[in-house]
Amino acid sequence: MAQSADTLEWAKKIGSSIRSRRKRLGLSLEDLSRLSGSTVPTLSHIERGTRDVKLSTLVSLSQALRTELPDLFQTDALSPAKTVSPDPGQGGYDLEDD
């Protein structure tokens, strides 16, 4: 089933927002993959706006990017997004393998 022009436009806006936030946090696609549970190819497609994204994936990405879900829908990728504080007792990102 073909995507509508509106759907494609939103997919690109969301993907751009995710990419912008990831880069501001200094995360690679591999880092975001480990933090979110999505594969690198899936993340690449999402950031380019070429793949539909399930709500559960967006929730995982917003948590990994320490932002609120609605912030991923901002149309201006340069707008500052609110950062969600990590859980108490957790420091910054721990990207080391356990």
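Helices (H or I, at least four residues) and strands (E, at least two) are DSSP runs, numbered from the N terminus. The views below show a predicted model, in which local features need pLDDT of at least 70, side-chain atom pairs count only at pLDDT 80 or more, and totals for chains, interfaces and linings use all residues. Residues are numbered from 1 along each chain as its sequence is written, and side-chain values use heavy atoms, with hydrogens and water left out.

**View A. Helix H3 and the residue that follows.** Helix H3 spans residues 40–48, and its buried residues are Leu 43, Ile 46 and Glu 47. These residues cover an arc of only 95 degrees around the axis, which puts them on the same side of H3. The arc is that of the directions from the helix axis to the C-beta atoms. Buried means under 20% relative accessible area, exposed over 50%, and partly exposed in between (1.4 Å probe, protein chains only). The cover over the buried residues of H3 includes helix H1 (5–24), helix H2 (29–36) and helix H4 (55–64). Ser 44 also lies in helix H3, but with a relative accessible area of 23% Ser 44 is partly exposed. From Ser 44 to Leu 29 the C-alpha to C-alpha distance is 7.5 Å, although the two are 15 residues apart in sequence.

**View B. Helix H2 and its packing.** Leu 29, Asp 31, Leu 32, Ser 33 and Ser 36 are the buried residues of H2. They pack against H1, H3 and H4, where contact means heavy atoms within 4.5 Å. Gly 37 follows H2 and has a positive phi, near 85 degrees.

View C. A salt bridge is a side-chain nitrogen of Lys or Arg within 4 Å of a carboxyl oxygen of Asp or Glu. By this rule the count comes to four. One of them joins the side chains of Arg 34 and Asp 31, at 2.8 Å from N to O. Arg 34 and Asp 31 are three residues apart in helix H2, which separates them by about one helical turn. Asp 31 is buried, with a relative accessible area of 12%, whereas Arg 34 is partly exposed at 47%.

View D. Arg 19 forms a salt bridge with Glu 47, and the closest N and O atoms are 3.4 Å apart. Arg 19 lies in helix H1 and Glu 47 in helix H3, so the pair ties together parts that are 28 residues apart in sequence. Glu 47 is buried, with a relative accessible area of 4%. Arg 19 counts as partly exposed, at 28% relative accessibility.

View E. Glu 9 and Lys 13 meet in a salt bridge whose closest N and O atoms are 2.9 Å apart. Both residues lie in helix H1, four residues apart, about one turn of the helix. Glu 9 is partly exposed at 40% relative accessibility, and Lys 13 is partly exposed with a relative accessible area of 26%. The charged end of Lys 13 also sits over the ring of Trp 10, 5.1 Å from its centre. A charge sits over a ring if NZ of Lys or CZ of Arg is within 6 Å of the ring centre and within 35 degrees of the ring normal.

**View F. The aromatic pair.** Rings of Phe, Tyr and Trp (its six-membered ring) pair if their centres lie within 6.5 Å; planes under 30 degrees apart count as stacked, over 60 as edge-to-face and the rest as tilted. By this rule the count comes to one aromatic pair. The ring centres of Trp 10 and Phe 73 are 6.4 Å apart and the planes lie at 55 degrees, so the pair is tilted. Trp 10 is in helix H1 and Phe 73 in the segment after H4, so the pair ties together parts that are 63 residues apart in sequence. Trp 10 is partly exposed at 38% relative accessibility, and Phe 73 is partly exposed at 33%.

**View G. The largest nonpolar core.** A nonpolar core is a set of buried Ala, Val, Leu, Ile, Met, Phe, Trp, Tyr and Cys residues joined through side-chain atoms within 4.5 Å. The largest has 12 residues in all, including Ile 14, Leu 32, Leu 43, Leu 61 and Leu 72. H1, H2, H3 and H4 are the elements that give two or more residues to this core, and H4 gives the most, with three residues. Leaving aside neighbours within four places in sequence, Leu 72 is in contact with Ile 14, Ser 17, Ile 18, Leu 58, Ser 62, Leu 65 and Thr 67.
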